[in-house]
Amino acid sequence: VAAAAITLGCVSGVTNAVPLGLGFLSVGDWGDTEAKSSNVSALMGDYATKYAARFILGIGDNMYDTGVTSVDDPQFDSKFVETFTADSLQIPWYIVGGNHDYYGSIDAEVEYSKKSERWVFPDYYYRETVEQDGVSVAIVGVDTWLLNAGDTYVSFDPRKKAGRVRDMERLRHDRDSGAITEGTFVSIARTFATSEAALVDEEPASAESAILRDDEQLAQIEAWLAEAAESATWTIVVGHFPCFSATVGEHGETATLIRDLVPLLAQYNVTAYFSGHDHVLQHIQRDGVHYLGSGAGAREHSGMNDEYEGLVAYTDGRYGFMAHTATNTTFETTFVTSHNGVAEETYSFTITK
């Protein structure tokens with residue numbers, strides 16, 4: 001059922017009212033020490049308690065900067081277990097992969113689901129449903145690395161699960177300029193060496209067809225969305241790369257997702273698409289779908305295009321996350337930022353149907 005109305009509210013400080021309904025949190029770009037040093041992890045614990053959160057969306061870049069090497073990588077402890085320690089955070093984390101996760105072993109992150117009770121990452125893309133008091137939220141986790149055939153630095157064939165560095169000179173330049181860290185450079189160069197064994201199909205000249213389309217995943221996403229449209233109160237899709245983004249000086253919108261995924265979101269009346277990658281909190285609305293960028297868990301960015309089409313609200317220059325609650329008729333979202341380590345709610349809105 002499509003959302004019928006939206007109520008906006010700009011807030012300051014912290015509201016004391018206890019939200020009613022099925023609660024959850026969303027955070028992207030969260031897998032580094034800044035999640036703890038900025039107090040985001042502690043504030044998430046407070047809000048998970050306040051919202052009686054049933055789950056958390058972990059929207060990629062789960063392990064900065066270079067992913068993990070194995071299921072026993074100590075980063076799982078240091079950046080997850082020992083960072084998000086509150087009792088209220090010992091609930092399912094529905095994880096999707098980001099580009100930094102692919103710089104290491106994405107399969108090790110999937111495998112870690114068997115080692116951790118709260119880390120839920122059963123496959124590159126998957127569907128879950130959470131129900132409470134007659135409210136059902138369908139969660140479709142998608143793999144935007146595969147949908148986009150890699151990222152700025154890596155060309156990746158979703159059929160062969162193999163990739164190569166697009167331009168080693170650019171990679172070196174961005175390392176030398178500080179755009180990426182030495183560790184990221186080494187990880188990309190090692191994981192996606194331009195050896196013959198790792199080469200994907202040569203990209204055709206046409207920009208439109210240069211990206212290899214992940215038809216298998218797109219077909220599965222459409223099937224899941226069709227099912228959810230018939231059975232769920234609310235449907236949310238979670239992927240690391242944004243479809244639309246108003247940032248300036250960061251990654252911005254993703255053309256392949258606008259081409260391939262956005263039409264499905266609109267066709268099946270998806271409530272919201274959650275993303276990270278750009279390190280801000282932002283709300284964009286296009287064709288009835290709400291695009292929620294929650295990419296500030298352990299990274300922050302300043303610089304937004306206030307004239308970007310569909311931009312409703314944003315908070316930049318701060319670490320933060322989002323808190324949500326769903327009832328049979330409302331879906332509420334609040335931006336929560338860490339301001340000198342103290343929670344500050346900068347924006348809220350409610351979808352009503």
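Colleague: How many cavities of 30 Å³ or more does a search of the whole structure find?

Modeller: Three. Rolling a probe the size of a water molecule over the atoms shows where empty space is left. On a 1 Å grid over the protein atoms alone, a cavity is a set of points where a 1.4 Å probe fits but cannot get out; a pocket is an open set with protein on both sides within 12 Å along at least five of seven lines; lining residues have an atom within 4 Å of a point. Points are joined across faces, edges and corners, and a volume is the space filled by probe spheres set on the points.

Colleague: What kind of model is this?

Modeller: This is a predicted model: local features need pLDDT of at least 70, side-chain atom pairs count only at pLDDT 80 or more, and totals for chains, interfaces and linings use all residues. Residues are numbered from 1 along each chain as its sequence is written, and side-chain values use heavy atoms, leaving out hydrogens and water.

Colleague: Which elements give two or more residues to the lining of the second largest cavity?

Modeller: That cavity holds about 40 Å³ of space. The elements are β11 (272-275), β12 (281-286) and β13 (289-294). Helices (H or I, at least four residues) and strands (E, at least two) are DSSP runs, numbered from the N terminus. β13 gives the most, with three residues. The lining has seven nonpolar, three polar and no charged residues. Here Ala, Val, Leu, Ile, Met, Phe, Trp, Tyr, Cys and Pro count as nonpolar, Asp, Glu, Lys and Arg as charged, and the others, Gly among them, as polar.

Colleague: Which residues lie nearest the centre of the largest pocket?

Modeller: N99, T152, Y153, H251 and H277, out of 29 lining residues. The elements giving two or more residues to this lining are α4 (99-102), α7 (168-177) and α10 (255-260). The volume of the largest pocket is about 730 Å³. Its lining divides into eight nonpolar, 13 polar and eight charged residues.

Colleague: Is S245 buried or exposed?

Modeller: Buried means under 20% relative accessible area, exposed over 50%, partly exposed in between (1.4 Å probe, protein chains only). S245 has 3% relative accessibility, so it counts as buried. S245 sits in the loop between β10 (234-238) and α10. Its side chain makes a polar contact with the side chain of D278 at 2.5 Å. A polar contact is a pair of N or O atoms within 3.5 Å; within protein, one must be able to donate a hydrogen and the other to accept it, and residues adjacent in sequence count only if both atoms are side-chain atoms.

Colleague: Why is helix α2 largely enclosed by the rest of the structure?

Modeller: Eight of the 11 residues of α2 (residues 40-50) are buried, so the helix is largely enclosed. Among the buried ones are L43, M44 and Y47. After α2 comes A52, with a positive phi near 50°.

Colleague: Which residues lie on each side of β15?

Modeller: In a regular strand the side chains alternate between the two faces of the sheet. In β15, G320, M322, H324 and A326 are on one side, F321, A323 and T325 on the other, and all are buried.

Colleague: Which strand forms a hairpin with β15?

Modeller: β16, with three residues between them. Two strands pair if DSSP finds at least two bridges between them. β15 and β16 (residues 330-339) pair in the antiparallel sense over seven bridges. T325 stands opposite E332 in β16. β2 (residues 22-27) also pairs with β15, antiparallel, over five bridges.
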